[in-house]
Structure formats: structure tokens, C-alpha cells
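Please read the briefing below alongside the sequence and the 3D view. It begins with the overall layout and then turns to individual side chains.

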Amino acid sequence: MQVHRYEKIWLAIGGAVLALFIVLLAVNAFAMGMHPPSDMQMIDPQKVDQTPPFDKPGLKQIGEKEYDAFMTAYAFSYAPAVIEVPVGSKVNFHVTSKDVVHGFEIPGTNINFMVEPGFVNSASQVFDQPGEYLILCNEYCGAGHHLMATKIIVK
Ligand code: CUA
């Protein structure tokens with residue numbers, strides 16, 4: 001079989017790129033320890049109200065300026081209604097849904113994730129500026145979706 005010279009060159013380039021990708025993937029996975037998120041936390045969506053810490057949604061101070069905020073989302077609100085933290089606090093949000101898929105977005109920050117029934121989703125944010133931060137639902141969840149919001153007060 002006769003293979004054209006240019007075809008050989010392109011085959012070699014294609015093979016080299018493929019080999020490079022596989023090597024990079026291996027380096028990422030084995031040497032740098034990259035992997036898909038595996039700390040998935042699950043919860044029975046029917047029993048959120050009986051499952052600590054979500055049976056008592058609220059703030060828990062875990063460090064000098066660090067808080068865990070355990071929150072539930074449901075049609076069409078969040079619990080607790082309002083959160084208050086001192087300026088400079090780091091807040092670790094842990095949120096789960098009691099019914100359908102909701103959103104959890106704090107405009108002006110990097111916090112923006114889905115809240116799915118059966119799972120606890122988490123994200124952290126440091127609040128360096130005082131003020132009132134809106135927390136809103138950005139996943140359509142029913143007739144009252146546009147009313148679904150709460151706030152975090154930083155002072
Ligand atoms: Cu909850 Cu939209």
C-alpha cells in the first residue's frame with residue numbers, strides 16, 4: 001500500500017497529539033490528583049425536617065470568623081429567613097431542597113449553584129463588605145418562583 005508523504009506527516013501529528021493528551025490526562029489524574037467531585041453528600045428529601053443539622057436550619061460558628069450556614073430550600077422560600085454575620089466572615093453554605101430543584105445565587109459573589117432534592121450542595125464565601133446580600137432562586141420551581149429569595153446581612 002502506498003501512503004502519500006503528507007498523509008504520513010499528518011498521521012504522525014495526529015498520533016502525537018493523541019499521545020500528548022493521554023499523557024496529560026495521566027499526569028493530571030495520577031501525579032496531580034485531579035478527579036471528579038467525590039464528596040457528594042446525600043440526604044433523604046422526605047426527611048429533611050428530621051435530619052440534623054437541617055432539622056434546625058441556621059448558622060453555626062465554627063471559627064473566629066467562620067460559620068457554617070445550614071439552609072433548606074422549598075417552594076417558595078428558604079430557611080432560615082435571614083442570616084446575620086460580622087464583616088469579614090467566611091460562610092460555608094450547605095443547602096438542600098425539601099421538594100423540587102431550586103437555585104441558590106448571591107448576586108455579586110461567586111455563589112451560584114443548584115439545590116437538588118436528595119443532595120446537600122456546598123459553597124463558601126468571604127463577606128468583606130458590609131451590606132445586605134440577596135439570596136435568590138434562579139431555577140424555575142413553580143408559581144411562586146419569582147418570590148423565592150432571602151438575604152444575608154453583613155455588618
Ligand atoms: Cu425556587 Cu425558583
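The domain assignment, which is automatic or taken from a database, divides the chain into domain 1 (1-36) and domain 2 (41-154), and the centres of domain 1 and domain 2, taken over C-alpha atoms, are separated by 44 Å. This is a predicted model, in which local features need pLDDT of at least 70 and side-chain atom pairs count only at pLDDT 80 or more, while totals for chains, interfaces and linings use all residues. Residues are numbered from 1 along each chain as its sequence is written, and side-chain values use heavy atoms, with hydrogens and water left out.

**Overall layout**

- The chain has 1 helix and 11 strands, where helices (H or I, at least four residues) and strands (E, at least two) are DSSP runs numbered from the N terminus.
- Read from the N terminus, the order of these elements is α-β-β-β-β-β-β-β-β-β-β-β.
- The chain is more spread out than a compact globule, because its radius of gyration is 23 Å, well over the 15 Å that the globule rule gives for 155 residues; the radius is taken over C-alpha atoms, and the rule is 2.2 Å times the number of residues to the power 0.38.
- Taken along the principal axes, the box filled by the C-alpha atoms of the chain is roughly 75 × 35 × 30 Å.
- Among contacts in the chain with a separation of 6 or more, 58% are between residues 24 or more positions apart, contact meaning heavy atoms within 4.5 Å.
- Of the 155 residues of the chain, 32% count as buried, a class that means under 20% relative accessible area, with exposed set at over 50% and partly exposed in between (1.4 Å probe, protein chains only).

**Aromatic side chains**

- The whole structure holds 6 aromatic pairs, counted for rings of Phe, Tyr and Trp (its six-membered ring) whose centres lie within 6.5 Å, with planes under 30 degrees apart called stacked, over 60 edge-to-face and the rest tilted.
- Phe54 and Phe70 form an edge-to-face pair, since their ring centres are 5.8 Å apart and their planes stand at 90°.
- This pair links distant parts of the chain, with Phe54 in the loop between strand E1 (41-42) and strand E2 (58-63) and Phe70 in strand E3 (residues 66-74), 16 residues apart.
- Phe54 is buried at a relative accessible area of 2%, and Phe70 is buried at 12%.
- Tyr78 and Phe104 are likewise paired edge-to-face, at 5.8 Å centre to centre and 90° between the planes.
- Here too distant parts of the chain are linked, because Tyr78 belongs to strand E4 (residues 77-79) and Phe104 to strand E7 (residues 102-105), 26 residues apart.
- Tyr78 is buried, with 2% relative accessible area, and Phe104 is buried at 0%.
- One aromatic cluster is formed by Tyr78, Phe93, Phe104, Phe113, Phe127 and Tyr133.
- Lys98 lies over the face of Tyr74, 4.7 Å from the ring centre; the criterion is NZ of Lys or CZ of Arg within 6 Å of the ring centre and within 35 degrees of the ring normal.

**Cysteines**

- A search of the whole structure gives 0 disulfides, a disulfide being a pair of cysteine sulfur atoms within 2.5 Å.
- Cys137 is buried at 6% relative accessible area, and Cys141 is buried at 13%.

**Surroundings of Glu66**

- Glu66 is placed in strand E3 and is partly exposed, with a relative accessible area of 25%.
- Leaving out residues up to four places away in sequence, Glu66 touches Lys60, Gln61, Lys90 and Asn92.
- Glu66 and Val126 are 60 residues apart in sequence, and 8.7 Å apart in space from C-alpha to C-alpha.
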